[in-house]
Amino acid sequence: MITHGRQRSQRSETLILRAVGRLLAKDGYAALSIEGVAREAGVGKATIYRWWSGKAHLVLDYYCAAPSPVPTPDSGALEPDLNTFLNDTFKALTSTHAGATMASLMAESQTNPEFGAELRERFISTRREALRSILQAGQKRREIAADTDLDVTIDLLYGAMWYRLLNRHAPLDARFATRLIRQILGGIRGSDAAPLSAILSFNRKESQHGEER
């Protein structure tokens, strides 16, 4: 978040960020301008420039302010949890303006190191940690090898997503999520990993015991 000058007015900030959301949904990131946001929000252009150095920082603030926690499903089995996580992520990117906007923010980060650092710290890192927590849970259940490099696994999952999002050569859909997950899990399941059927059976028994108690 880039701030300049006097302390922000909460009311003005709310009006500005809501205006950003409406304009992104209507016209997309490429057509978004500081002048247009100021007009839509009913504030002066100078007010926006006092608090944000450009539209990339402004749009990032909009996404970080939105009340949408990163989903971390916990069904008791890694493969369905990863499927839920990736499918929710893919839907958010393909059913709204978010996908095109994220691609634009990623492009901005390549030529603006300051913004790139902010994007990684405030947006990307939270999503990496959400995925890490799902993988760690699977690791504890022995669904993947204990020595699995989780950072590399996260890079593989998100890297494939970003590649399709940026190149648009193939869809980000449920079929891709399933194939991607199975391909990666096939490489990181240890020789002592418990099979999915055994994990689900164990979870059902644990659930039944919990109800009896």
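## Salt-bridge network

Arg128, Glu129, Arg132, Asp151 and Asp155 form a linked network of salt bridges. A salt bridge here is a side-chain nitrogen of Lys or Arg within 4 Å of a carboxyl oxygen of Asp or Glu. This is a predicted model, where local features need pLDDT of at least 70, side-chain atom pairs count only at pLDDT 80 or more, and totals for chains, interfaces and linings use all residues. Residues are numbered from 1 along each chain as its sequence is written, and side-chain values use heavy atoms, leaving out hydrogens and water.

Asp155 sits in helix α8 and Arg128 in helix α7, 27 residues apart, so the pair links distant parts of the chain. Helices are DSSP runs (H or I, at least four residues), numbered from the N terminus. Asp155 is partly exposed, at 43% relative accessible area. The scale runs from buried (under 20%) through partly exposed to exposed (over 50%), with a 1.4 Å probe and protein chains only.

## Packing of α7 and α8

The axes of α7 (residues 113-140) and α8 (residues 150-167) come within 10 Å and cross at roughly 120°. That makes α7 oblique to α8. Angles under 35 degrees count as roughly parallel, over 145 as roughly antiparallel, 65 to 115 as roughly perpendicular, and the rest as oblique. Axes are lines fitted to C-alpha atoms, for helices over the stretch in contact, with angles from 0 to 180 degrees between N-to-C directions.

On the α7 side, the contact (heavy atoms within 4.5 Å) uses Arg127, Arg128, Leu131, Arg132, Leu135, Gln136 and Gln139. On the α8 side are Leu150, Asp151, Thr153, Ile154, Asp155, Leu157 and Tyr158. By class, the contact has six nonpolar, three polar and five charged residues.

## Other salt bridges

The whole structure holds twelve salt bridges. Side chains of opposite charge can pair when their charged atoms come close. Arg122 is partly exposed, at 25% relative accessible area. Glu118 is buried, at 8%.

Lys45 and Glu35 form another salt bridge, at 3.6 Å, N to O. Lys45 lies in helix α3 (residues 45-51) and Glu35 in helix α2 (residues 34-41), ten residues apart. Lys45 is partly exposed, at 38% relative accessibility. Glu35 is also partly exposed, at 37%.

Key. Helices (H or I, at least four residues) and strands (E, at least two) are DSSP runs, numbered from the N terminus. Ala, Val, Leu, Ile, Met, Phe, Trp, Tyr, Cys and Pro count as nonpolar, Asp, Glu, Lys and Arg as charged, and the others, Gly among them, as polar.
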